[in-house]
Amino acid sequence: MGAGEWQAASLVGAAVAGTATGGIVGGRYVWWRRRLKPLPEALRGLLERQRQEAASRHHYDYALGSAPPLLEIYVEQRADHLPTAAPVARAGAMTLAEMLAAGRHALVVADPGVGKSTAVARVLQEQAAWWLAARRSARPERAPYGPSIPISLPADLQGRSTLPDAMAAECGGGLDARWFRTPPPGARSWLVLIDGLDQILVTRERRAVLERLGQWIAQSPDHYRFMITTRPLLGSEVGLLGAPIDGYALQRFSEQGLRTFAERWAAYRGSRHVPGIERPITVETFLTSVAASKLTTLVRTPLIATITALLLEWSQETALPTGRAGLYDTYVQHLFGARRLDEAVSGTVFTADQEGERAWTWLRESLRTILEHVADHHLSPGTPPLVECAVECILERAPTGMFYAVPGWKAALPPVLTATSLVTLRDGALAFIHPSFAEYLAAGPRAGSFDLETWLADARGPDSRSLALFVLARLAERRPGTATADSLVELLLERGGADVNIAGAVVADGIGVRPELRRRVTGELFQRLRQEDQTTAEAVRVLADLTTDSDVMDRLAAFVTDQDNPDWVRADVAEALCGVARTTGVRLLRHVLGATGDAGLRHRILVLLIGYGEATDAERARAAGDALVFPDGDTSGDRAGEWYRHVAGSPHSLPRHRLYALVMLAYRREPGWEASLVEAIEHAALTPQERLDAARAVAQIGDGTDEPEIVTRLRAAAADEERSLDVRVPLLAALATEQDEPARHQLNRVAATFGAGFRTRYPFVAALQEEVGARTSERDPTAGLVPMRRLHELPVRSLRIPEPSTHFSGRETLLALIGERFAGGASAQVVHGWGGAGKTAIAIEYCHRHRDDYDVVWWVPADKPELMPATIAALAPGLGLPPAEVVGVAGAADAVLGALRDGTPYQRWLVVYDNVGDPEDLEGLVPEGPGHVLVTSRRSDWGATVRTHGVRHLGPDGERRVPHPSGGCTS
């Protein structure tokens, strides 16, 4: 072979070898690319465990079998922006994926049973499943909820002080905290899911968790994202999370969503056989039965839809109950009648011998009562674990010695409790399957010891109203023919204000009241709409819940079309109707859009139509280009103020819309937005003309005396030569038109410096008038102050005591002892004992027996510590002090405590703090002075310096029956 041939052969060989090598390398690369994404085994194990838990959660069993998996039959719910923290660039309902894509953090708020936990389970299951199956070639952005790895934390945050510590604890030690301080492998961020903050029952502990979360959110780097769910909480609590979190309200099923739920349920049942269900329900059976019982609004709540479907499967011939409590009652009755309870004890100590069978017979008959008292205790602060509470209740109520003759019965108890399908095993401990079931059960004992003030406190709390409504419904069951609900609704209407909305909630919950009283409630709710105050938003929601009554629907539509009603409230009503009947709601929104002259409201309606997917091309163009016209004065009400605050506070608002909202807040004299307004007016996306319009509107604010802070800030920004002329010139021009001579001189100097092109670049300057009259205000700065009344004008006695029980007996010795100790110089005494032992009744009886010994007797419900200052502040007018409406709740409460401490104007006073959960809750709220303080509590640890009285349960004859231990279950 010659040299040329050898060289050619070498080249061919090299090419073949290269091709072969490339094929091998390419094959390995493809194989490598197809491998699963590398995740630490501990993290992969955590994702798999949480995915499985999410898939199996909310497993509702029934006498005839289980409900279909909720994630398969529930329509994916959508979320609306909360009015105080919502993004504005996109309004209307959003999917969960859209919600999480809109911002870093999301707070999801919804009433019981609406599906908060199901939403979290959906996100966790779908996101975890994607990461567990993802190949190396998969792009993280294609994950269902973005490039984040999910991790679910319990609401108590594992008791950890830092987020990485809490995440490491959830991993069970497989990964230490240092691993979570950086972004996860292959992803941009961690998606931290926290479900059910409202289930932290002790207010102080919940506030501590909220504060810790607020710190984590504010200080966390970009590789952390949060999705947090809760029932509605007091605004002061939600505020602890801080501004960087967007708020959303989870929607209930729409009309179409409810039909889709029924279709999926019927399809699931039709595809598999369930023993005992011979004739699965059809879509029409479900919808017709719901409509016949006037449950259409209630059943839009997913949990109630599930319960309703299960009840119909049990008996399609029996009419459904007409209220929420009735649905729960029928459901629970069937659960306790199920055969699975007897199956749960088969082969256990309860069937081993005669003593075990005797104990089981008693327990089977008493199980509902036991669970009711366990639930009552479960909803109280500082409770022991559920199973321990059940053991205590059984030992207290069972015949003496019955269970001591059955060794091992405690170990056999958890399967019995879970066989009720009301209790489940969660995170290694027993818990109620859903908080609303615990509330329904607890309502039984609480209805038996009904206290009006406690009920009102619960009804007024957004996180406890569901419980209060259950208590009222069960109280009405206990007192048939007494018109209990009627009397309470009449009382609420007499009190007026926000209590009218509670009356509406009673009616909407299906609790029976007289037809004429129902009509009166509806009329009062419409009056709330016309008055447009802080109660209006809730009144709109309550009326929307009453739209199963066609008359209410017609009246709401008429309200929207009546131009004499407030424009913003008309828009609120139309928006609410979009969730009930979309076509009607959209038509009414357009009616308000065409009638209103308010630029801010027009913008809001256009954004809503865009968010609902109902906007026309012309409406979309109008939303983008509409000029935002500033009014001549503050003509907006409370509802407008909420909208402007939410636009101003959202990082997603368009710059021009945010500026408009901030100017409107300045018009409303709302403090705290000044720095934000100056920042907004400098935004690079604004034109000089838009800056001028906003600055002129702000420059006209003032009362002719002290210059508003925002005007001072604008003047400083205009004088700052480091700022752009496109910012300074509009500000100087606006100030100059308000007879601001320094600004006029500065504007002339800028024009001279700029040269001939100044007028071309800023044509608006030449068009401005030389002078605009200064505005003054006729408002008296002291208007609204309530003068101190003279002592002789004060009421003889200020009393606030619940009515005494007509069946009170058996406490004479204790009452006498309390009186003797107060007479002997004691300033404070505590009555402690289990729930239901009679502590409150003793305090009420003492107050009524000794009312003539005091000039002031004031009753403070203390089971909600956050409400105590307001109750104390309510005494202010009775002591001749300015009310909370003038000086604020904190100012009025401090003044009351100071007056009691000083004995001015009264030295003979008694303050009762009823049902204190923790001694620390009274810190700073107990007056020390010439009067007396009486406390009731389940806690016994009040220190050696406080006189205490332990209370024991009374038997039927009024004698002591059961010794009171230091802890345990309510009896």
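**Figure 1. Buried residues make up 52% of the protein's 971 residues.** This is a predicted model, so the views below show computed geometry. The secondary structure comes to 42 helices and 16 strands. Take the contacts between residues at least 6 apart in sequence: 70% of these join residues at least 24 apart. By the salt-bridge rule used here, the count comes to 49 salt bridges. The close-ups that follow visit a few of these helices, strands and charged pairs.

**Figure 2. Helix H12 meets helix H17.** H12 covers residues 324–336 and H17 covers residues 435–448. Their axes come within 11 Å and cross at roughly 90 degrees. An angle from 65 to 115 degrees counts as roughly perpendicular, and H12 and H17 are therefore roughly perpendicular to each other. To find the contact, look on H12 for Ala325, Tyr328, Asp329, Tyr331 and Val332, and on H17 for Ser436, Phe437, Tyr440 and Leu441. Sorted by class, the residues of this contact are seven nonpolar, one polar and one charged.

**Figure 3. Helix H14 packs against H17 as well.** Here the axes lie 7 Å apart, at an angle of about 100 degrees. That angle makes H14 roughly perpendicular to H17. From H14, the contact takes in Arg368, Leu371, Glu372, His373, Ala375, Asp376 and His378. From H17 come Ala438, Tyr440, Leu441, Ala442, Gly444, Pro445 and Arg446. The classes in the contact of H14 with H17 are seven nonpolar, three polar and four charged residues.

**Figure 4. A salt bridge joins aspartate 376 and arginine 446.** The closest N and O atoms of this pair are 2.7 Å apart. Aspartate 376 sits in helix H14 and arginine 446 in helix H17, 70 residues apart, so the pair links distant parts of the chain. Which side of the 20% cut-off does aspartate 376 fall on? At 6% relative accessibility, aspartate 376 counts as buried. Arginine 446, with a relative accessible area of 21%, is partly exposed.

**Figure 5. Aspartate 342 and arginine 364 meet through their side chains in a salt bridge.** The N to O distance is 3.5 Å. This pair, too, links distant parts of the chain, with aspartate 342 in helix H13 (residues 340–344) and arginine 364 in helix H14 (residues 354–378), 22 residues apart. Aspartate 342 is partly exposed, its relative accessible area being 38%. Arginine 364 is also partly exposed, at 23%.

**Figure 6. Within helix H25, aspartate 567 forms a salt bridge with arginine 570.** Their side chains meet at 2.8 Å, N to O. Both residues lie in H25 (residues 567–578), three residues apart, which is about one turn of the helix. Aspartate 567 is partly exposed, with a relative accessible area of 22%, whereas arginine 570, at 0% relative accessibility, counts as buried. Elsewhere, salt bridges that share partners join Arg204, Asp918, Glu920, Asp921, Arg939 and Asp941 into one network.

**Figure 7. Strand E13 is mostly covered.** How many of the six residues of E13 (residues 932–937) are buried? The count is six of six. In a regular strand the side chains alternate between the two faces of the sheet. In E13, His932, Leu934 and Thr936 point one way, while Val933, Val935 and Ser937 point the other way, and all are buried.

**Figure 8. Strands E10 and E12 both pair with E13.** E10 (residues 828–832) runs parallel to E13, and five bridges join them. Along this pairing, valine 830 stands opposite valine 935, and histidine 832 stands opposite serine 937. E12 (residues 909–916) also pairs with E13 in the parallel sense, over five bridges. There, leucine 910 stands opposite histidine 932.

**Figure 9. Strand E10 also pairs with E14.** E10 is mostly covered, with four of its five residues buried. Four bridges join E10 to E14 (residues 947–950), and the two strands run parallel.

Notes: Residues numbered from 1 in each chain as written. Predicted model: local features only at pLDDT ≥ 70, side-chain atom pairs only at ≥ 80, totals over all residues. Heavy atoms only, no water. Axes fitted to C-alpha atoms, helices over the stretch in contact; angles between N-to-C directions. Parallel < 35°, antiparallel > 145°, perpendicular 65-115°, else oblique. Contact = heavy atoms within 4.5 Å. Nonpolar A, V, L, I, M, F, W, Y, C, P; charged D, E, K, R; others polar. Buried < 20%, exposed > 50% of the residue type's maximum accessible area, 1.4 Å probe, protein only. Pairing = 2+ DSSP bridges. Salt bridge = Lys/Arg side-chain N within 4 Å of Asp/Glu carboxyl O.
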